Every structure is written in structure tokens, then in C-alpha cells.
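Welcome! Let's look at this one together and learn to read a few of its features.

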Amino acid sequence: MQEVSVIIPNYNGMAYLEGVLSSLEQQDFQNFETILVDNGSTDGSVAFVMGNFPWVHIVELPDNFGFSRAVNEGIYASRAPYVLLLNNDTEIEKSFVREMLASIKRHKKAFSCSARMIRYHEREKLDDAGNYYCALGWAFARGKGKDIHTYEKEERIFTSCAGAAIYRKKIFERIGYFDEEHFAYLEDIDVGYRARIFGYENWYAPKALVYHVGSGTSGSRYNQFKTRYSSRNNIYLIYKNMPTLQIILNLPFLILGFGMKILFFAQKGMGREYVAGIKNGIQISRKHKKVRFHLGNLGRYARIQLELWWNMFYRFFA
């Protein structure tokens with residue numbers, strides 16, 4: 001049986017598919033399957049893959065259901081104990097799959113391991129060395145824009161970036177899959193946060209190198225769609241994963257953090273979109289259940305809270 005299922009969500013990403021799939025063909029470890037989940041593309045992506053990479057298993061969805069639904073469909077279709085999510089706008093080094101598998105196997109309590117993501121067009125700079133979340137309600141990529149040698153130690157992180165991360169499939173069955181309400185953005189923070197509450201760990205795998213174009217589907221770093229969904233999903237993430245008392249404890253920081261973001265996006269002409277996302281996040285939170293609180297998890301909540309405070313200072317001073 002294959003050890004790893006590589007899952008690539010795709011929506012009108014034909015321009016990038018040859019790069020990512022060719023780099024998978026060149027891996028020095030071949031005990032894996034590749035699943036492309038297509039979100040109703042209209043650019044000929046499916047025909048291109050079928051004609052040029054017949055070894056890829058394709059799951060076709062009739063419409064664009066978002067990142068979370070796409071990767072969940074890939075996980076359901078996978079046949080391996082480990083699932084490796086990979087953005088369509090990436091290329092990977094020859095040892096990538098082997099290094100990712102070795103990393104998660106080294107850490108028995110690991111839910112996930114995140115790769116060292118490097119900017120595709122600036123290969124001397126990092127794109128992501130693990131995803132972090134702080135008490136201000138901000139998610140951020142550790143090391144973004146720094147020298148690629150800044151983070152070379154394998155260490156625990158807050159959560160993994162789902163653009164290039166490996167997961168233990170059986171743990172999804174316990175904690176739940178990617179939340180499809182997110183559609184896109186912060187779904188990886190949510191599932192990694194949830195895993196932490198259940199007592200699992202997330203690790204950074206610096207030897208697994210991936211080159212990331214960035215915004216291959218959304219088209220730009222800042223746009224109205226991304227701005228609205230990011231604020232919407234952030235409110236939902238907080239409501240879902242933090243017990244009520246923890247929300248109250250963090251409320252002054254959250255008010256400050258969201259206020260600063262409103263000002264930031266207002267300067268870019270998207271302040272209304274950010275505020276609309278906050279309102280929408282409150283609305284959807286009322287429709288969904290929180291992660292169930294157990295007194296036995298109190299120590300985990302305390303450790304997470306300490307990290308949220310620490311990450312707030314780390315965001316500014318690291």
C-alpha cells in the first residue's frame with residue numbers, strides 16, 4: 001500500500017500544473033499517489049492533466065466549492081495513512097515527499113508537519129516557515145520575506161500551512177476534517193488549532209523545500225474576496241476554538257487587533273469589505289457549534305493561551 005496521498009486542489013490553475021506535477025514525477029521517493037481535485041475549472045485543467053499526466057487520479061467537482069471542500073474530497077478519496085496537501089502553484093525539490101514523510105514519522109504526537117516554503121520568484125527569501133496565530137486575532141506566516149536560512153531547525157509550530165503540509169489521516173477522523181464553512185483562508189489555522197486542543201502537535205520540516213508562487217488562484221495578495229473571507233473566517237475561528245472565558249480574556253487584544261486591521265484595509269480602499277466580513281463571521285458563528293470544552297483539556301488551553309500572548313510580541317519583534 002502507498003504511504004502517502006498527495007492532494008492538489010485546483011481551480012483554473014492550468015498555468016501552474018505542469019510545474020507541480022513534473023516536480024512530483026522527479027521525486028526520489030515513489031511510494032505515493034497523486035490526487036488532483038478540480039473545483040469546476042473552465043480553463044481546460046482536467047483535459048490537460050489527463051493528456052499529459054495520466055498517472056494522476058482526478059476528482060472532478062461540478063463547481064468551485066472552495067479549498068476546504070476540495071481537500072476534504074481528496075482526503076476521502078485517498079488510500080494512504082498520510083495525506084500531503086500541495087498548492088497547485090508550487091514546485092518541490094526531489095526529496096520533498098520523502099522528507100515530509102520522515103518528519104511526521106519522527107513525531108508520534110504530530111497531527112501535521114509544514115514544509116519550508118520559499119518564494120518562487122525570490123528564491124533567497126522565505127514564504128512560510130509555519131503558520132502562527134496571536135492574541136490580536138492575527139494569523140501570520142513565520143519568516144515571510146526573510147532569508148531562506150533563517151529557520152533551519154525542526155521544531156514545533158502553532159499550525160501548518162496547508163499549501164504544503166502532511167497530515168496523519170486517522171486524526172481527521174477524531175477531530176474533524178477541514179471546515180467547509182471557511183471556503184478558503186484560515187482553514188489550516190482552524191484545523192491545526194483544533195488538533196492542539198485535542199492534544200496533538202504541529203511541526204516544521206525545514207528539509208522539505210517547496211517553491212511557492214503565491215495567490216495562484218485568488219490572483220493577488222490583497223483583493224476584496226480575500227479581505228472579506230479572511231475577516232469573516234477569523235471571527236468564526238475565534239468563536240469556534242476559544243471557550244467563552246478565553247474570548248473574554250483576549251477581548252481587549254482582539255478589539256485592538258481588528259481595529260488595526262480595519263484601518264489598514266481602509267487605507268487600501270477595502271475597509272468596508274473587512275467590516276462586512278466581520279459581520280458575516282458573527283452571523284455564521286451563530287449557526288455552528290463550538291469545539292466542545294472538556295475540563296481535562298484545561299492545561300492545553302492554558303498552553304495555547306500562553307502561545308497566543310507570546311506570538312503577539314513575536315509578530316512585532318522577531
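**Cysteines and a surface patch**

Q: Is Cys113 buried or exposed?
A: Cys113 is buried, with a relative accessibility of 0%. Buried means under 20% relative accessible area, exposed means over 50%, and partly exposed lies in between (1.4 Å probe, protein chains only). This is a predicted model, where local features need pLDDT of at least 70 and side-chain atom pairs count only at pLDDT 80 or more, while totals for chains, interfaces and linings use all residues. Residues are numbered from 1 along each chain as its sequence is written, and side-chain values use heavy atoms, with hydrogens and water left out.

Q: How many disulfides are there?
A: A disulfide is a covalent bond between the sulfur atoms of two cysteines. Here the rule is a pair of cysteine sulfur atoms within 2.5 Å, and the count is zero. For Cys113, the closest cysteine sulfur belongs to Cys161, 14 Å away and too far for a bond. Cys134 is in no disulfide either, as its nearest cysteine sulfur, in Cys161, is 17 Å away. Cys134 is also buried, at 0% relative accessibility.

Q: Which residues make the nonpolar surface patch?
A: Such a patch joins nonpolar side chains (Val, Leu, Ile, Met, Phe, Trp, Tyr) within 5 Å, from residues with over 30% relative accessible area and no salt bridge. A salt bridge is a side-chain nitrogen of Lys or Arg within 4 Å of a carboxyl oxygen of Asp or Glu. Accessible areas come from the Shrake-Rupley method with a 1.4 Å probe; for residues, only the protein chains shown count as cover. In this model, Leu256, Met260, Trp310, Phe313, Phe316 and Phe317 make a patch of about 710 Å².

Q: Which helix gives the most to the nonpolar patch?
A: Helices are DSSP runs (H or I, at least four residues), numbered from the N terminus. H10 gives the most, with four residues. Phe316 lies in helix H10 and is partly exposed at 45%.

Notes
Patch = residues over 30% accessible without salt bridge, like charges linked within 9 Å, V, L, I, M, F, W, Y side chains within 5 Å. Helix = DSSP H or I, 4+ residues; strand = E, 2+ residues; numbered from the N terminus.
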